[in-house]
Amino acid sequence: MLRGIASSAGVLALGGCASLGATGARYDASSLALEPTLLVATTRKPVNGGRAKPWFGPERATRMTVARAKLVAPDDSRFSLAAAGLGDWRLDAVEPVAAEVGDLLGQTSGGGSDVLIYVHGFKQTFETAALDAAHLADGIKFRGQTMVFSWPSKAGLFDYAYDRESAMWSRDEFERVLNSVATSPAAGRMHIVAHSMGTMLTLESLRQLYARSGDGVADRIGAVVFASPDIDMDVFSSAVVRIGPVGRKITVVAATNDRALALSGRLAGGITRVGAAEKAAIERLGVRVIDASDAGWGVINHDLFLSNAEVRRVIRRSIDTSAA
């Protein structure tokens with residue numbers, strides 16, 4: 001489970017659950033900071049035609065929407081709020097388009113750049129998911145195009161069952177997105193970062209994609225990072241076998257002291273979630289593991305991929321070395 005359950009878990013069971021210069025941009029700036037347009041694919045039902053806040057709600061749509069989202073990056077000049085730690089990304093506008101994701105790739109960068117796809121977890125609105133994608137891409141200084149895949153979450157503490165079913169209901173459309181990116185001549189490799197409940201959706205979609213396309217699709221997939229995966233260990237181990245060489249591209253960010261996943265495991269009948277398992281147990285499945293148990297400073301330790309600099313560096317290295 002995710003931050004929402006985690007942050008309110010005390011009520012339930014846990015007791016608490018360089019700036020732009022005159023001559024140009026920062027040399028280490030992310031592509032998103034330089035051109036703050038986020039690609040969107042969502043199975044949420046549009047609100048206000050998807051063109052005004054909240055853009056997309058918690059209901060399931062009859063068809064997937066593809067869109068561009070215009071973000072506003074923090075002003076990180078010396079005397080800005082961001083420089084004082086107070087500024088943040090903002091979602092300014094969303095423009096739905098009648099196109100496949102693959103058709104949009106390359107329109108901003110000229111084509112050939114890698115694509116980072118973020119899949120959110122439990123208890124997320126469309127806006128929070130989009131902003132988390134921005135925080136992730138900017139935090140790891142990703143050079144390429146960034147996309148968020150947002151599935152229908154009610155964003156409520158007690159809606160875990162609805163969210164889980166909605167995530168799994170979205171797997172066919174996410175497979176369609178992955179296939180569109182993998183077959184697009186305008187894209188380089190695609191890298192996937194999925195968080196918590198979104199990892200189950202991602203794993204299922206990868207399994208379907210591999211069953212349909214075989215080893216050929218593996219060449220287009222770079223890094224696959226599962227951050228705090230809310231997946232049954234047995235389900236995970238069987239699925240990894242079925243995705244062949246794609247399984248060897250997976251990096252799991254785990255923490256045995258992830259309080260949110262501890263609660264999720266209890267709700268699942270006492271089955272340990274992958275993201276809270278011991279490192280050695282996960283490594284036996286043939287995937288890379290980063291043990292972030294000592295990386296957090298809070299009570300929950302569930303969103304370290306966003307909050308911890310060392311975990312972000314691990315994600316960056318996974319992307320950088322994925323071509324090897």
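**Figure 1. Ser 228 in the loop between strand E7 (221-227) and helix H10 (233-242)**. In this predicted model, local features need pLDDT of at least 70, side-chain atom pairs count only at pLDDT 80 or more, and totals for chains, interfaces and linings use all residues. Residues are numbered from 1 along each chain as its sequence is written, and side-chain values use heavy atoms, with hydrogens and water left out. Helices (H or I, at least four residues) and strands (E, at least two) are DSSP runs, numbered from the N terminus. The phi of Ser 228 is near 50°, a positive value in a residue other than glycine. Ser 228 counts as buried because its relative accessibility is 7%; buried means under 20% relative accessible area, exposed over 50%, and partly exposed in between (1.4 Å probe, protein chains only).

**Figure 2. Lys 141 in the loop between H5 and strand E5 (145-150)**. Although Lys 141 is not a glycine, its phi is positive, at about 55°. With a relative accessible area of 29%, Lys 141 is partly exposed. Most residues other than glycine have a negative phi, and most peptide bonds are trans.

**Figure 3. The cis peptide bond between Lys 53 and Pro 54**. Omega of this bond is about 10°. Pro 54 belongs to the loop between strand E1 (37-46) and strand E2 (56-72).

**Figure 4. The stacked aromatic pair of Tyr 118 and Phe 305**. Rings of Phe, Tyr and Trp (its six-membered ring) pair if their centres lie within 6.5 Å; planes under 30 degrees apart count as stacked, over 60 as edge-to-face and the rest as tilted. The structure holds 5 aromatic pairs. In the pair of Tyr 118 and Phe 305, the separation is 5.9 Å centre to centre, with 25° between the planes. This pair links distant parts of the chain, 187 residues apart: Tyr 118 is in strand E4 (residues 113-119) and Phe 305 in helix H13 (residues 304-307). Tyr 118 is buried at 1% relative accessibility, and Phe 305 is buried with a relative accessible area of 2%.

**Figure 5. The edge-to-face pair of Phe 122 and Tyr 160**. The ring centres of Phe 122 and Tyr 160 are 5.5 Å apart and their planes lie at 65°, so the pair is edge-to-face.
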